[in-house]
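Open the model in your viewer and keep the selection tool at hand. The tour moves from stop to stop, each with something to select.

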Amino acid sequence: MSITISSGLHRSHSDRDLLLNERRLTRARLNSSSSSSNLASLSSSSNVHSNTTTVSSYSTSSSSTPACLPWDRLQKWLYGIAIVTFDLELGQSIEYLLPNHCKLTDKEKLNLSYLSFPDTNSTCLGDFQYHFRINHESFNLTTDYQYYNSIVPSALQVDNNSLFGFVNFRQIHDKTIKRGFFQKSFVILSKLPFISLFLNIVNQLAINYFEYGLTSLETCCHSMDCQWPEPEPGKTLLLPLLDSVLQVRIPTHGDKPFSSSDLIQFRSIVNETMTTNINSNNPNQNQSFKFPLDDDIEIDMPTSNLSEHEITNNNNTTVESVTKNEQQRQQQQLPCLIPFVYDVNTYQSLLCVLTHIQLLWELVLLNEPIAILGKFPTKCSQTVQALVHIIWPLRYANDYRPFFTIHNSEFHEITFNSSKKSSLSPPKIILGVTNPFFAKLLHQWPHIICVDDDDQQQKSIKKRENFLLVEHDDEDNLSVNELDDDIELSSLSSSSSSLQMEKKIQKKISTTSKPYKPAYTLNTNSSHLIFVTKIGLYTKYKPYLQRDKIILKKLRSTNSQQRPDTVQNAFLRRFFLELTQSFIIPLERYFSSLLPLRKYYHANREPPIIKKFDNEEFLKTLDQYGPQLTSGLKGDWKELYKHFLTTPNFHFWLLNREQEANAKIYSLYIETIAYCRLEQDFNLSQLKEIQIIDLVIKLKDLIQYLETKNDDLLIRIDQNVKNDYLERIKLKMKIIVEEKLSDDMKTLFHKPMSLSSS
C-alpha cells in the first residue's frame with residue numbers, strides 16, 4: 001500500500017527541480033552549523049551557574065552582554081524582543097528590551113506593556129499566541145526596506161509609522177507568587193507583516209526562553225543573526241531556528257496567483273489530506289505520511305501485510321518506539337513549510353460569519369468601520385487580520401488594530417467620542433477588542449462582528465434564549481442581513497429542520513417582543529442591534545452585489561466536513577482573490593490608458609507625465625469593459641465603483657500605481673538619453689554654444705543624480721542596467737565637450753572622467 005501511495009502521488013518534476021538544488025546545497029551548511037551550535041549550547045549550559053547573578057541583575061538600561069547583540073542581519077527581520085511581566089505594584093511592565101538599537105518612546109512602551117497581556121478575565125492556563133499593531137514614530141525607511149517595498153505587493157509593504165507585536169503569553173499556577181499565577185509574555189517586534197511566520201517563531205523562542213532563560217535567548221539570537229539570510233522576496237528562504245528549519249517564500253509583485261508560487265501550499269494541503277485519509281483508513285496506525293522534499297530522502301511506510309499472530313506484544317512496543325524515533329528524525333530533517341508568511345487561516349477566522357463573506361468583502365473594500373468583539377485576543381486578532389487580507393492584493397489603507405485595550409493611548413480618540421450618538425461617524429478603522437466594557441462603547445458602530453473562542457460552542461446549536469434582541473421603531477426598516485439568512489455556519493452544519501426552526505424563530509422577533517432571556521439594554525433609544533451572547537454579524541449594510549451561492553455550497557457541502565481546514569481556506573482565498581481581481585481589472589485597464597506612449601519619449605525634452613485619473617470617464621468605460629467580463633456576479637457594479645472611488649483604499653492604490661508608473665517612465669527616459677543619437681536627437685549642429693553648455697550641465701546633473709541618489713524613481717532600476725546607462729551618458733557627455741565646445745569652455749569641463757560608475 002505504501003508503494004502505491006508514493007508512486008501515485010509523487011511530486012512533479014517542475015516542483016522537484018524548483019527546490020532540489022537549493023536543498024542539497026543548504027543541507028551541508030546546516031549540518032556544519034549544527035555542530036557549531038551544539039558546541040555553543042554546551043558552552044552556554046556550562047556558564048549558566050556563573051551567569052545567574054548577571055541575569056538577575058540585568059535591566060533594560062544596563063549595557064550588559066544580552067543587550068549588545070550584533071543583530072546586523074537579524075534586524076532586517078526583527079525590530080526587537082521584549083519580555084513583559086506583571087508587577088504587583090506597577091502592573092504590566094517591560095522587564096527586558098533587546099537590543100540597544102530598539103528605540104521606543106515612553107508612550108510606545110506603555111502601549112506595548114498593556115497589549116502584551118490579554119485584556120480579559122479569562123483563567124485559561126498555558127501558552128497563547130496573538131499579535132497586535134501599534135503606532136510607531138520612526139525615521140524614514142532604510143534602503144533595504146525601500147527596495148523591499150518596491151518588489152512586494154502593496155499589502156505586504158512596510159509601513160514606516162506602524163510596528164507589529166507578536167505575543168506568547170504564559171499563565172500557569174504558581175504557589176510561590178502572591179497572586180497564585182505566573183504571568184509573563186514573550187514579545188517579538190517587527191516592521192514586517194509576516195503574521196503566520198512570526199507567530200510560529202515567537203512560540204518556539206518563548207518555550208525555549210521560559211525553560212532555559214535569557215542566556216539561551218542570547219545564544220539563539222546570535223545563531224539567527226549568523227545563519228538567517230536577508231528577507232529577499234521571490235526566493236525560497238531557509239531559516240534555522242533551534243532544532244528546526246523554517247521554509248518560507250516572500251511573494252513578489254509579479255507573482256501569478258495559484259501557479260508556481262503556490263506549490264508549497266498545494267504540497268502542504270495534499271500532505272494533510274493524505275494524513276487524514278491514512279489515519280481514517282487505519283485507525284490503529286499512528287503513522288502520518290509526508291512527501292519528501294528531495295528524491296534522495298525516503299520515508300519508509302510501515303508494512304500492512306503482517307498478520308496479527310506473527311507479532312507479539314513486545315514486538316509491537318518495539319516497532320512503535322522505533323517508528324516514533326524515525327518520525328522525529330525525519331521531521332528534524334525536513335523543513336517546516338509555512339505556505340503564506342503573511343496570512344492567517346481565513347476560513348477558521350471567519351467561520352462564524354461565513355454566510356456573509358461577500359458582504360464583509362464590500363465592507364473592507366469600502367473602508368467601513370468594523371468592530372470585532374471576542375473573549376480572547378487570539379481569535380480576535382486573527383479575525384481582524386483575515387478581514388484585512390480578504391481584499392488581497394489591494395492594501396487596506398486605513399488603520400487597523402488586531403488587538404486593542406482600554407489602556408491604549410488612543411482609547412478615547414477611537415472609542416469614547418464615537419460612542420456618543422450626537423458625534424460624527426466612527427473612525428474608519430477595524431478594531432479587535434476583548435474587554436466587555438467595549439460592548440457599551442461600540443454599540444453605535446454600524447458593523448459589529450461577535451466571535452467566540454469556544455469551538456464547541458460554535459458547533460452546537462444555540463438555545464432560544466441566546467437569540468438577538470432587535471430594537472427598532474419599524475420592523476420593515478430592517479435590512480436583509482438582519483433577518484433573512486442570518487444564520488451562523490456552525491448551525492448550518494446541523495440538520496435542515498434545525499435550520500428552518502432557527503430561521504422561523506428569528507423572523508418572529510419584533511419590536512414589542514422580549515428576548516427569551518432577560519437582557520440588559522445599553523441604550524433604550526438605540527436603533528442598533530443589541531446582542532446578548534449570539535455570535536455573528538450585526539449590520540444594516542445593504543450590499544451592492546448579489547450573493548455568490550457557489551462558494552457557499554462548496555464550503556457547506558457534505559464533503560466539507562471531511563476536508564481539512566487548509567483545503568477550505570484555499571477555496572475561500574481563491575474566491576476572494578478572483579473577486580478582487582475582477583474588481584481591479586477595469587481600474588488597471590483605464591490607468592494603463594493614462595500612461596504616455598513610447599513615441600513621446602525624447603532625449604531633448606523633459607520626461608512625459610501621466611494623465612489625471614478622471615472618475616467620470618472611468619465610470620463610462622464600465623459598460624463595455626466592466627467586471628462583468630470576468631465575474632459572473634450580478635449587482636450594481638457601477639454604484640460600488642462610485643463608492644470605492646471616494647475611499648482611502650482607492651487613493652492609496654492610485655498613489656502606489658502612480659509611483660510605480662513614474663519610476664518606469666523615468667527609467668525609460670534615462671534609457672532614451674543613454675541610447676540616443678547625438679546629432680539626430682539633439683541637433684547639435686544647429687545649437688549655439690550656450691545651448692550646448694546647458695546640455696552638458698544637464699547631462700552632468702543627471703550623472704550625479706544616478707551616482708548619488710537611490711530614491712523611489714531609481715530603486716526599481718537594476719544596478720547593472722543603471723551602470724550601463726551611466727557609462728553611455730558619460731561617453732556622450734565627453735564627446736560633446738571634446739567636439740562641440742571651444743577651448744576656453746573645455747577648460748571648465750575638462751576633468752578626468754571615469755567611465756565606471758564606481
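Start with arginine 598, which lies over the face of tyrosine 601, at 5.9 Å from the ring centre. The rule for a charge over a ring: NZ of Lys or CZ of Arg within 6 Å of the ring centre and within 35 degrees of the ring normal. Now select arginine 573 and phenylalanine 340: the charged end of the arginine sits over the ring, 3.9 Å from its centre.

A note before moving on. This is a predicted model, in which local features need pLDDT of at least 70 and side-chain atom pairs count only at pLDDT 80 or more, while totals for chains, interfaces and linings use all residues. Residues are numbered from 1 along each chain as its sequence is written, and side-chain values use heavy atoms, leaving out hydrogens and water.

**Stop: the aromatic cluster**

Select tryptophan 361 and phenylalanine 583. They form an edge-to-face aromatic pair, 5.9 Å centre to centre with 85 degrees between the planes. Rings of Phe, Tyr and Trp (its six-membered ring) pair if their centres lie within 6.5 Å; planes under 30 degrees apart count as stacked, over 60 as edge-to-face and the rest as tilted. Tryptophan 361 lies in helix H11 (residues 357–365) and phenylalanine 583 in helix H20 (residues 565–593), so the pair ties together parts that are 222 residues apart in sequence. Helices (H or I, at least four residues) and strands (E, at least two) are DSSP runs, numbered from the N terminus.

Buried means under 20% relative accessible area, exposed over 50%, partly exposed in between (1.4 Å probe, protein chains only).

Now widen the selection. Ring pairs link Trp361, Phe583, Tyr590, Phe591, Phe613, Phe618, Tyr641, Phe644, Phe650 and Trp653 into a cluster.

**Stop: threonine 647**

Where is threonine 647 placed? Look in the loop between helix H23 (637–644) and helix H24 (648–674). Threonine 647 is buried, at 3% relative accessible area. Not counting residues up to four places away in sequence, threonine 647 touches Leu365, Leu366 and Asn367. Contact here means heavy atoms within 4.5 Å.

**Stop: the antiparallel sheet**

Select the five strands of the open sheet, ordered S2-S1-S5-S4-S3 with antiparallel pairing. At the edges are strand S2 (91–98) and strand S3 (126–135), each pairing on one side only. Two strands pair if DSSP finds at least two bridges between them. S3 and strand S4 (residues 162–173) run antiparallel, joined by 10 bridges. Pick phenylalanine 128: its bridge partner in S4 is phenylalanine 169.

**Stop: strand S11**

Select strand S11 (residues 429–433): five of its five residues are buried. Ile429, Leu431 and Val433 are on one side, Ile430 and Gly432 on the other. Strand S9 (residues 370–373) runs parallel to S11, joined by four bridges. Isoleucine 370 stands opposite isoleucine 430. Strand S10 (residues 399–404) also pairs with S11 in the parallel sense, over four bridges. There, phenylalanine 404 has valine 433 as its bridge partner.

**Stop: salt bridges**

How many salt bridges does a search of the whole structure find? The search finds 21. A salt bridge is a side-chain nitrogen of Lys or Arg within 4 Å of a carboxyl oxygen of Asp or Glu. Select lysine 730 and glutamate 707, which meet at 2.7 Å, N to O. Lysine 730 lies in helix H27 (residues 719–740) and glutamate 707 in helix H26 (residues 689–708), so the pair ties together parts 23 residues apart in sequence. Lysine 730 counts as buried at 6% relative accessibility, whereas glutamate 707 is partly exposed at 39%.

Finish with Arg133, Asp159, Arg395, Asp399, Arg401 and Glu410, which are linked in a network of salt bridges.
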